[in-house]
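Good morning, colleagues. Please look at the sequence and the structure as I bring them up.

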Amino acid sequence: MKASAIAHANIALVKYWGKRNKEVMLPQNGSISMTTNDFHAHTTVEFDPSLQEDILIVNDKEFPKGMEEYDDYVGKFLTVARQLSGKDLKAKIVSKNNFPTAAGLASSAAGFAALATAVNGALGMGLDQKGLSMLARRGSGSATRSIHGGFVEWLRGENEDGSDCFAQQIAPPEHWPEFRMITCITSTKAKKVKSRAGMSQTLKTSPMYKAWLETVNQNLETVRKGILEKNFSLVGSTAEENCIKMHATMLTTKPSIVYWNAGTIELIHAIHNWRDEGLEAYFTIDAGPQVKIICLEKDAEEIVRRVKEFPAIEDVRVVKPGPDARLTEEHLF
Ligand code: DP6
């Protein structure tokens, strides 16, 4: 009853921001992302009848019962997995990320996609990718998308039980291998407002949220089409527009949520200027200060060179479309 899995973080081109059901983890809107080839979580889980309590260790740090990471995330997820599998056993979970946790780099997405894949293996649940994406969703919404590689859409669904709310691949990584995202780390500190709390407050208080919901389906359609046709300008410009709209709902939340720092703003201006000069780059930003620059392979080197000139940038990593979540024989304990 032990299994290990690796899953990669994804970066959304059309964002998920807001739930219509917190218990079953159903989003207000659909979303589209690219699963990366680099940032990943590697997780081992063992269900063990001799354990009295679950044990959770992430990046060498233990998160016992009573800590938010366990109570609001992994503990709840394990309750769902136990109900689904009918196996009421405690688990030991050890997980490692190869990127900074909780800094707007989708650590929960990679983490729960890896955990769902490992739990499915350890308990012999026999879930396919659709089932896995629904299980991962119960841990963290964005994890739904990290089950698949390449370009992925998380369908909003209509049903209140979540039975039509899962992820499906729009195109595999080989479809558009020239697509790049350049992750510019402007701060490695953990963010002040987690996505979960932030989106819930936005839903309750932002007067812009209605406009977000009214326009997001159009963005989904455009980005889906752009990916299938490999129309870079269409995908990049729509992703940037969608990102700005999401941040407009965050900024107009009460109290206001500002995820950007000075480095973030500096890069936004730079990208706009580069575009005016004919260097085609767009940005997207999640619930954190990091800027992900969307570009094509042919321009990536030049953009990295320019980004490195900014003293505010702590690290730069180039990612491209990456693989599905998968089981591995490499156990962490
Ligand atoms: C801004 O998936 O972290 O990255 O479902 O509450 O765990 P929970 O939230 P989470 O939110 C991600 C928000 C986002 C946009 C996105 O990835 O689509």
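A word on terms first: helix axes are lines fitted to C-alpha atoms over the stretch in contact, and angles run from 0 to 180 degrees between N-to-C directions. Helices (H or I, at least four residues) and strands (E, at least two) are DSSP runs, numbered from the N terminus. This is a predicted model, in which local features need pLDDT of at least 70 and side-chain atom pairs count only at pLDDT 80 or more, while totals for chains, interfaces and linings use all residues. Residues are numbered from 1 along each chain as its sequence is written, and side-chain values use heavy atoms, with hydrogens and water left out.

I begin with a helix pair. Helix α1, residues 68-85, packs against helix α2, residues 107-123, at an angle of about 35 degrees, and their axes are 11 Å apart. On the α1 side the contact (heavy atoms within 4.5 Å) is made by Tyr73, Val74, Phe77, Ala81 and Ser85, and on the α2 side by Phe112, Leu115, Ala116, Val119 and Leu123. Nine of these residues are nonpolar, one is polar and none is charged.

Next, the ligand. Which residues are the closest to the ligand? They are Tyr16, Lys19, Ser140, Gly141 and Ser142, out of 17 that surround it, a residue being counted if one of its heavy atoms lies within 4 Å. Helix α4, residues 195-205, gives the most to this shell, with three residues.

A polar side-chain atom of Ser142 lies 2.6 Å from a ligand oxygen atom; for Arg196 the distance to a ligand oxygen is 2.8 Å, and for Asp286 it is 3.5 Å.

Finally, two points of backbone geometry. Lys254 and Pro255 are joined by a cis peptide bond, with omega about -10 degrees; Pro255 sits in the loop between α6 (232-251) and α7 (262-276). Asn59, a residue other than glycine, has a positive phi near 50 degrees, and is found in the loop between β5 (55-58) and β6 (61-62).

Note on methods
Ala, Val, Leu, Ile, Met, Phe, Trp, Tyr, Cys and Pro count as nonpolar, Asp, Glu, Lys and Arg as charged, and the others, Gly among them, as polar. A polar contact is a pair of N or O atoms within 3.5 Å; within protein, one must be able to donate a hydrogen and the other to accept it, and residues adjacent in sequence count only if both atoms are side-chain atoms.
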